[in-house]
Every structure is written in structure tokens, then in C-alpha cells.
Amino acid sequence: MNLRIETLPNGMTVVTDPMPHIQTATIGVWVEAGARHETAATNGISHLLEHMAFKGTKKRSALRIAEEIEAAGGYLNAYTAREQTCFYARVLKDDVALGADILSDILINPTFSADELAREKKVVLQEIGQSEDTPDDIIYDHLQAAAFPDQPIGRPILGTEETVNRLGRAALRKHLATHYVGPSMTLIASGHVDHDRIVALAAEKFAPIAKADKPPPLRARYRGGDRRKAQKLEQAHLTFGVEGPSYTDEDAFAAQVFATAFGGGMSSRLFQEVREKRGLAYSVHAFAHLFADTGFFGVYAGTGAKECAEIAPVVVGQLEAMASGATEEEAARARAQAKAGLFMGLEGPSNRAEHIAGQLLAYGRVMSEAEIAEKIEAVDAAALRRFAARLLKSGSPSLAALGPVKGLESYDRFAARFG
């Protein structure tokens, strides 16, 4: 990457990542405002604002926004996460200015029409309903809530039916004014782009954005706990978690390589033991969720009612096996997978922009590919064994389960396996 980074007078950061050999560009704005920046009363407002930004501005109707970008063959979208909200456009190289103009318009001039708000709330409620009907999706929200109960970072990104219905235009305007300020916003352009032109566009289009202090999120406190719900489903959806590292923890890269070695592919310990040897689950994998000041490591398994009781002891048993016997061979496989995932993901402008945004959020800078590869390479078998031991000693695990979960062992028994 040949990045150039500049800060505008209003505090907004502008990053360019030129790829002159391609004919397209991705231009997006990442805002440090997500679910963890909300209160209990405003849970879901970041996501609702993301929807409402596309529903009309002082210059464009919702239909005109869609027509303008699609008339140029472009693509406009957004998403909300726990620590950020992103709005981005994918366009041909000659239409970067159009992308910048539309993005600035929807972020600076949204009208939050009462009629549009009423309609979009229904859409969001449908989205919540769809998520609730997808147990292998919603189970992660339940695990997040078990890990971080009664905290913004533990609440669902979509909000709840109650909170969404309660949100009004005044709340949206307040959220926009409070969080969509220069120091909280980063514009990233990747692809066939020119740095000076992008900076000039950003300075022109986003000049009205205020230079104000960005409000810090409430510090997260991992606690752990139990959330299980018996439901009439064909499969039991089980997730287990323990406290893990933050982005800046010395074990941040070890956590990600460990997740791959432990449960990230067909050669991983979990896949081989749970599926191939025992036939306990069709789907099983491990994951590491890292945030600015906290994190957790988890395992998901989709299994049958009869097999439910066997999963937890097998998962912990494999953690113990990793702590005592992780090999250099499996460490090398996991490092190769991690590096391949990194480099393959950086072949397109959208993924590159996403990568840059994540790096800036985590570290305040963008590590070079060589530096990241070096950190991955430093995770040897000894590091995997140390990290497994850290997880086993962490105490206060998190457990979330949906479906025919009657056979799942009690939380106390599961928790006794840790600490």
C-alpha cells in the first residue's frame, strides 16, 4: 500500500490508497459511532440513522439518491458495527466526485422525514424479526449480551422493537450532531484515485462538518454469564466464550492465529475432533472478537439435542490439549491461513478501504503488510500454548444457547472448567 493521510481543518481524516491499474474506486466514510456509543434508551439509533441517511436530503429524495448512483453504474451501501458506522460508494474512476457528493449530502443534509422515519422503522423491525428467525445469526448477539451484560457493547446493534419504536427525529438529529463530527470521521478512497483531488473534494464537500470533541464510549467490562433459551428447532445452537484480548493487547495477533488453529478450517482441532472423529456437529468454528478496550474468544457449534451435552467438555478438552500440546506444524498452517486471508482480502479496493479503517480504529495508524505478516509469523507453537492457557485461566465464561438445549450442562459446571 502507498497510503497518504491528511487531516482537514475540521478534524476529519482523509486517506488515499491508489491502485492506478484498476478502473474503479471505493470511497467511504467511517464514523466512530456504533452500538457501544448508545444508551439503553437509544439502543439501535446508530443503525436506524444509517438507514435514514438514504431516505432523503435537502437536495435529493430517496429515489433520486438511488437513481443518481445507479445511473453512473455505481453502488451505494452502509453498515453499522459495535464501534463504527460506515457509508460507502463503489464507482467508476471518473465518478469519484459523484460518490463524494452523495456521501456528503446524506451525512450532512438528511431530512429525517417523519413519513420516511415511520416507514423505515417498519423495515428495521422486519430486519430484527429476520435476525430472530435466524438462530445461527442471533446467537452471537446473545453471547455478546452474556459477555457484557447491561452495557452498550453488549446490546444488539439493531436495537429492540421497544427501543426502535421509541426513537424519534429529535434523537436522530442529536445523535448526528454529537457523533458525526470531524475528529470522529475518516474518509477513505481506495482504487483509481488521486490524493490531491480526493483531499480537495473532501475539504469542499465535508466543510460543514463541525470540529468538536468526539464523545468517548463507556469503557467495557467483561463479566460473562449464561443466556440459554429452549426453542423448537431442529438443531441446538451453542456458543461458548471467555475474556480475550483487545486490539492493543500483546496477544491480539496470537488470538487471531489461535482461532484459526483451534477452529478455523478443516484441519483445525475442533473440526477434526468434533465433526470428523465424533460426528457431534455439522458446523463448528472458533472466533476472536477484538474491540478497542476488551475482547472475547468464542466457539460456535450447531448440534443435535442428543449431542448437546457432549460439546462443552469436548471444547474445553481441546483447549487443554492445545495448552499442553500445540505443535509447530499446526501453528505453521494457521499462520499460512492468516496471511493468505490478509493478502487475498487486500486485492480489491472495498476490502482495502475496510482494512485501513479497521487499522486506524485499532491502532491510530495503518500497519504495513510486511509488519502484519511479521506479527503473524511471530505466533509460534509456544505462543499458541500460552494463549490457550490464558483462556483456561480466565474464569467467568460466557455461554449462549438456543434450541433443544435441555441436555446442555449447567452454567456452574461449565464455569468450573475455567479459572
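A: The second largest cavity is lined by Thr260, Ala261, Gly265, Ser267, Ser268, Arg269, Glu330, Arg333, Ala334 and Gln337. A cavity here is a set of points on a 1 Å grid over the protein atoms alone where a 1.4 Å probe fits but cannot get out, and lining residues have an atom within 4 Å of a point.

Q: Which elements give two or more residues to that lining?
A: Helix 9 (252-263) and helix 12 (328-345) do. Helix 12 gives the largest share, 4 residues. Helices are DSSP runs (H or I, at least four residues), as are strands (E, at least two), numbered from the N terminus.

Q: What is this model, and how are residues numbered?
A: It is a predicted model: local features need pLDDT of at least 70, side-chain atom pairs count only at pLDDT 80 or more, and totals for chains, interfaces and linings use all residues. Residues are numbered from 1 along each chain as its sequence is written, and side-chain values use heavy atoms, with hydrogens and water left out.

Q: How does the second largest cavity's lining divide by class?
A: Into 2 nonpolar, 5 polar and 3 charged residues. Ala, Val, Leu, Ile, Met, Phe, Trp, Tyr, Cys and Pro count as nonpolar, Asp, Glu, Lys and Arg as charged, and the others, Gly among them, as polar.

Q: What about the largest cavity's lining, by class?
A: That one has 9 nonpolar, 2 polar and no charged residues. Among them are Phe240, Phe297, Leu319 and Phe414. Strand 8 (236-243), strand 10 (295-303) and helix 11 (308-325) each give two or more residues.

Q: What volume does the largest cavity have?
A: About 80 Å³. A volume is the space filled by probe spheres set on the points, which are joined across faces, edges and corners.

How values were computed: 1 Å grid on protein atoms, 1.4 Å probe; cavity = no way out; pocket = protein on both sides within 12 Å on 5 of 7 lines; lining within 4 Å.
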